[in-house]
Amino acid sequence: MSRRLLVVLSDGFAYDHGYEGGYGEADARRALSEARRLGTGCVCLSIGASTEAAKLRRVFGTAAHAGVSRFEELPTVLAPLFRFALKSAEAQRRKSQHATRAHERLALEVGTAA
């Protein structure tokens, strides 16, 4: 099985020049949701950033981000974070595929009943 993992190294703020706050967070959240739906694990790593955990949760979810104050702390954080992201993305991919198949079956049933 192929596994994909998107790792974002960030200060935790979803923005670009002139494009920030709620708009940047919503767009980043949507892009990550679409990637997970297709089976790509997504995580955010912040090293030495002072971003509030609540801001990271709004964009990345409850367990798809980690912040460390020093580079040396990364080994204790990476493995569990990556494992969770990959398992979560696989579960979302399966759920999406199941919903798509159910929708296709319903469309076939409606089409044959007409």
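**Reading the model**

Modeller: Begin with the surface: the protein exposes about 7,900 Å², and carbon and sulfur atoms supply 57% of it. Keep in mind that this is a predicted model.

Colleague: What share of the 114 residues counts as buried?

Modeller: Of the 114 residues of the protein, 25% count as buried.

Colleague: And which secondary structure elements does the protein have, in what pattern along the sequence?

Modeller: The protein has three helices and three strands. Along the sequence they follow the pattern β-α-β-α-β-α. As for contacts between residues at least 6 apart in sequence, 66% of them join residues at least 24 apart.

Colleague: Let us take the sheet. What is the general idea behind strand pairing?

Modeller: Strands of a sheet pair through backbone hydrogen bonds, and the pairing is either parallel or antiparallel. In this model there is an open sheet of three strands, in the order β1-β2-β3, with parallel pairing. β1 and β3 stand at the edges with a single partner strand each, so one side of each has no neighbour in the sheet. On average, neighbouring strands of this sheet are turned by 20° against each other, direction ignored.

Colleague: How many bridges join β1 to β2, and how many join β2 to β3?

Modeller: Six bridges join β1 to β2, and four join β2 to β3.

Colleague: How many of the eight residues of β2 are buried?

Modeller: Seven of the eight are buried, so β2 is largely enclosed by the rest of the structure.

Colleague: Next, the helices. How do I read which side of a helix is buried?

Modeller: An α-helix has 3.6 residues a turn, so residues three or four places apart point the same way. Now take helix α2, residues 53–60, where the buried residues are L56, V59 and F60. These residues cover an arc of only 80° around the axis, which puts them on the same side of α2.

Colleague: What covers the buried residues of α2?

Modeller: The cover includes β1 (4–9), α1 (21–37), β2 (40–47) and β3 (65–68). Just after α2, look at the backbone of G61, which takes a positive phi of about 95°.

Colleague: How should I describe the packing of two helices?

Modeller: Two packed helices are described by the angle between their axes and the distance between the axes. For α1 and α2, the axes come within 8 Å and cross at roughly 50°. The two helices are therefore oblique to each other. On the α1 side the contact is made by E25, A28, R29, L32 and R36, and on the α2 side by R58, V59 and F60. V59 and F60 were also listed among the buried residues of α2.

Colleague: Now some single residues. Where does G48 lie, and is G48 buried or exposed?

Modeller: G48 lies in the loop between β2 and α2. Its relative accessibility is 55%, and the cut-off for exposed is over 50%, so G48 counts as exposed.

Colleague: Which residues does G48 touch, not counting those up to four places away in sequence?

Modeller: G48 touches V68 and S69. The C-alpha atoms of G48 and V68 are 6.1 Å apart, although the two residues are 20 apart in sequence.

Colleague: What about L86: in which helix is L86 found, and what is L86 in contact with?

Modeller: L86 is found in helix α3, residues 74–113. Leaving aside neighbours within four places in sequence, L86 is in contact with R3, R4, L5 and G41. From L86 to C42 the separation is 44 residues in sequence and 7.7 Å in space, C-alpha to C-alpha.

Colleague: And R3: where is R3 placed, and is R3 buried or exposed?

Modeller: R3 is in the segment before β1. With a relative accessible area of 57%, R3 is exposed. R3 and G41 are 38 residues apart in sequence, and their C-alpha atoms are 8.0 Å apart in space. Both R3 and G41 are among the contacts of L86.

Notes: Residues numbered from 1 in each chain as written. Predicted model: local features only at pLDDT ≥ 70, side-chain atom pairs only at ≥ 80, totals over all residues. Heavy atoms only, no water. Buried < 20%, exposed > 50% of the residue type's maximum accessible area, 1.4 Å probe, protein only. Arc of directions from axis to C-beta. Contact = heavy atoms within 4.5 Å. Pairing = 2+ DSSP bridges. Axes fitted to C-alpha atoms, helices over the stretch in contact; angles between N-to-C directions. Areas by Shrake-Rupley, 256 points an atom, 1.4 Å probe, with all protein chains shown as cover. Parallel < 35°, antiparallel > 145°, perpendicular 65-115°, else oblique.
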